[in-house]
Amino acid sequence: MVTALFDRAPAWTRFHVYGRWRLFPFPALLPYAPTTGVAVDLGCGHGLLPFLLATERPALRVFGSDPDEKKIALAQDIARQSHIHNVAFSCRSAQDTEIPECDWLSLVDMLYLVPYDDQRRLLERAVSRLRRGGRLLIKEVSERPAWKAAWTRAQELIAVRVLHLSQGHSFYFRREAEWLSLLSSLGLRPHAVPLDAGYLHPHVLFIGEKTS
Ligand SMILES: C[S@@+](CC[C@H](N)C(=O)[O-])C[C@H]1O[C@@H](n2cnc3c(N)ncnc32)[C@H](O)[C@@H]1O
């Protein structure tokens, strides 16, 4: 279990990481992951998804980045101490991350912290680094059902502005249809996968396939 990698982290970090793991079904992303090649996760936080990809896909090379120095320093220590050699982390915002040519590029619950114009520029750059047949995965929250969306926004206000669990201050949510049309406009073949069954948050995964 990926969370066990954090068992020697400080109590508050363990609480945060275990909570995050319970609140979102990270393993639901695995069926979309390649077995070889390169995967990039921007805004990776403590690195839960990069660690999951690296351990479940040992022949994949995985890169994670996040602007939070403490999260990245911990992820780097854990990778080193746990001898997970196919993962690397860097402390950078997504906008400043040099993206290698890749087969998978994920942004999980971080684009809502990036201003709209930057979102588009970042995604254009991401698509230009994706190999043909590669996938762009954006995990955000849907506007439906309304009660789950309202709960999520209230919780984000507390998480970001009060507890400072994530860097950022304002929110830049989009509706499902907007994400799909943005992915189409970038030349990808998009579809949405709802992942909220059994969860309090209206999780939705947008997948854009690069077919040409
Ligand atoms: C809700 S957390 C999600 C972390 C991780 N993706 C996960 O699913 O556990 C949001 C993350 O976005 C990061 N973040 C905020 N602004 C960012 C930016 N401009 N570029 C990259 N990451 C950013 C925060 O530091 C935080 O770790």
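## Close-up views of a predicted model

Ile72 lies in helix H3. Helices (H or I, at least four residues) and strands (E, at least two) are DSSP runs, numbered from the N terminus. The model is predicted: local features need pLDDT of at least 70, side-chain atom pairs count only at pLDDT 80 or more, and totals for chains, interfaces and linings use all residues. Residues are numbered from 1 along each chain as its sequence is written.

**View 1. Ile72 and its surroundings.** Ile72 is buried, with 21 other C-beta atoms within 10 Å. A residue counts as buried if 20 or more other C-beta atoms lie within 10 Å of its own, as exposed if 12 or fewer, and as partly exposed in between; C-beta atoms are placed from the backbone. Beyond its neighbours within four places in sequence, Ile72 is in contact (C-beta atoms, placed from the backbone, within 7 Å) with Asp66, Phe89, Ser90 and Cys91. Gly47 is 25 residues from Ile72 in sequence, but 7.6 Å away in space, C-alpha to C-alpha.

**View 2. The two sides of helix H3.** Helix H3 covers residues 69-81. Lys71, Ile72, Leu74, Ala75, Ile78 and Ala79 are buried in H3. They cover an arc of only 160° around the axis, so they sit on the same side of H3. The arc is that of the directions from the helix axis to the C-beta atoms. Glu69, Lys70, Ala73, Arg80 and Gln81, on the other side of H3, are exposed. Helix H1 (11-23), strand E2 (60-66) and strand E3 (87-91) are among the elements that cover the buried residues of H3. Just after H3, His83 has a positive phi of about 55°.

**View 3. Strand E5 and its partners.** Nine of the twelve residues of E5 (residues 130-141) are buried, so the strand is largely enclosed by the rest of the structure. Strand E4 (residues 102-108) pairs with E5 in the parallel sense over six bridges. Two strands pair if DSSP finds at least two bridges between them. Trp104 stands opposite Arg135 in E5. Strand E7 (residues 203-209) runs antiparallel to E5, joined by seven bridges. Here Leu136 stands opposite Gly208 in E7.

**View 4. The nonpolar core around Ala39.** The largest nonpolar core has 47 residues, and Ala39 and Val40 have the most contacts inside it. Such a core is a set of buried Ala, Val, Leu, Ile, Met, Phe, Trp, Tyr and Cys residues joined through C-beta atoms within 7 Å. Leaving aside neighbours within four places in sequence, the contacts of Ala39 include Leu53, Val62 and Trp104.

How values were computed
Expected span 1.5 Å × (residues − 1). Contact = placed C-beta atoms within 7 Å.
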